[in-house]
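I opened my notebook to get to know a structure that is new to me. Here is what I looked up, entry by entry.

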Amino acid sequence: MTLSRPLQLIPMLLLAIAVAGCSSTGGRKKGGYYKDDGPDANPPANLDQVPDAVPKVEPYASGANRPYVVFGQRYVPDTSGQPYKKRGTASWYGKKFHGNSTSIGEAYDMYSMTAAHTTLPLPSYARVTSLVNGKTVVVRVNDRGPFHSDRIMDLSYVAAYKLGIIGPGSGQVVVEAIPPDEIRRLASQGAPAAAPPEPASATGSAPVSAPVAAVPVALTAEPLPAPAPGSAPVRQSAAGGSGNVYLQVGAFSQPANAQSLVSRINTQLGAEGAPPASMEQSNNLYRVKIGPYPDRQSALNAVPLVSDRIGILPSIAAQ
């Protein structure tokens, strides 16, 4: 039996409502989130240990990459694989949408490393870097939004937490797509290409054993301590530089945590002939970097070895 046109429109209207779920125009509460959205009453205790999404080549979701219109604005998803790098404001969405279906039919999990974007392919992967503190995360883009002219990405709660924008509710970031060609290249070199590990449990606090990027912690202003005898060098960051390239594997507010990672890396990679890890202070943040490498390609070539040996997927960082 053929449905009447009003009945035919119902699924389309429901889809439009779901797609626009992250775009409420209601007033913001303290913290930057909308209406009755916000953090869970009892978030997991080990959010610091939630690993970044691990990029892999996935087939695009059927129907989720066609042009669409929300609030009179037409959006055209780009599945061409062209580079995408844009600066703008990222926000986050939390408990109000937790468990709801994303644009590709998956359940939204506020404690997994995902994000919503208006035109990046679904699903796909992106690096998101905070312009406030320099932290970088890798997210899997599996939803559409945000439909506000002043925002370019909606992050999951945990992704926003790791970037330090839970409190303010939004922050300036750079979003850079990770194209399939780059994912294939890293996979061919031995970089992790499996599905993302399970998110942190609501009660667990096990030590870090899964691949993670920088561990996010509350920043505390404290003087840089003198290095202990035999410890790794501490480099003061400065503008400019010689053009050498490093792999960044962590950023901490406590120098002891950074020093511990430096020691572990040098122990695990020393026999491989890799450049040494060192700790660098920058705006009360202690970054752990491996290098220098002579050029970007050399650093990229080293990513699979570093990731395999220490369980951390590094990012490129010029000195």
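I began with helix α4, residues 255–269, which has 15 residues and reaches 21 Å from its first C-alpha to its last, close to the 21 Å expected at 1.5 Å a residue. (Helices, H or I, of at least four residues and strands, E, of at least two are DSSP runs numbered from the N terminus; the expected span is 1.5 Å times one less than the number of residues.)

I noted that this is a predicted model, where local features need pLDDT of at least 70, side-chain atom pairs count only at pLDDT 80 or more, and totals for chains, interfaces and linings use all residues. Residues are numbered from 1 along each chain as its sequence is written, and side-chain values use heavy atoms, without hydrogens and water.

Next I asked which residues of α4 are buried. Pro255, Ala258, Gln259, Leu261, Val262, Ile265 and Leu269 are (buried is under 20% relative accessible area, exposed over 50%, partly exposed in between, with a 1.4 Å probe and protein chains only). Seen down the axis of α4, they fall within an arc of 165 degrees, so they line one face of the helix (the arc is that of the directions from the helix axis to the C-beta atoms). On the face turned away, I found the exposed Ala256 and Thr267.

Then I looked up lysine 289 and glutamate 280, whose side chains meet in a salt bridge of 3.3 Å, N to O (a side-chain nitrogen of Lys or Arg within 4 Å of a carboxyl oxygen of Asp or Glu). Lysine 289 counts as buried at 5% relative accessibility, and glutamate 280 counts as buried at 4%.
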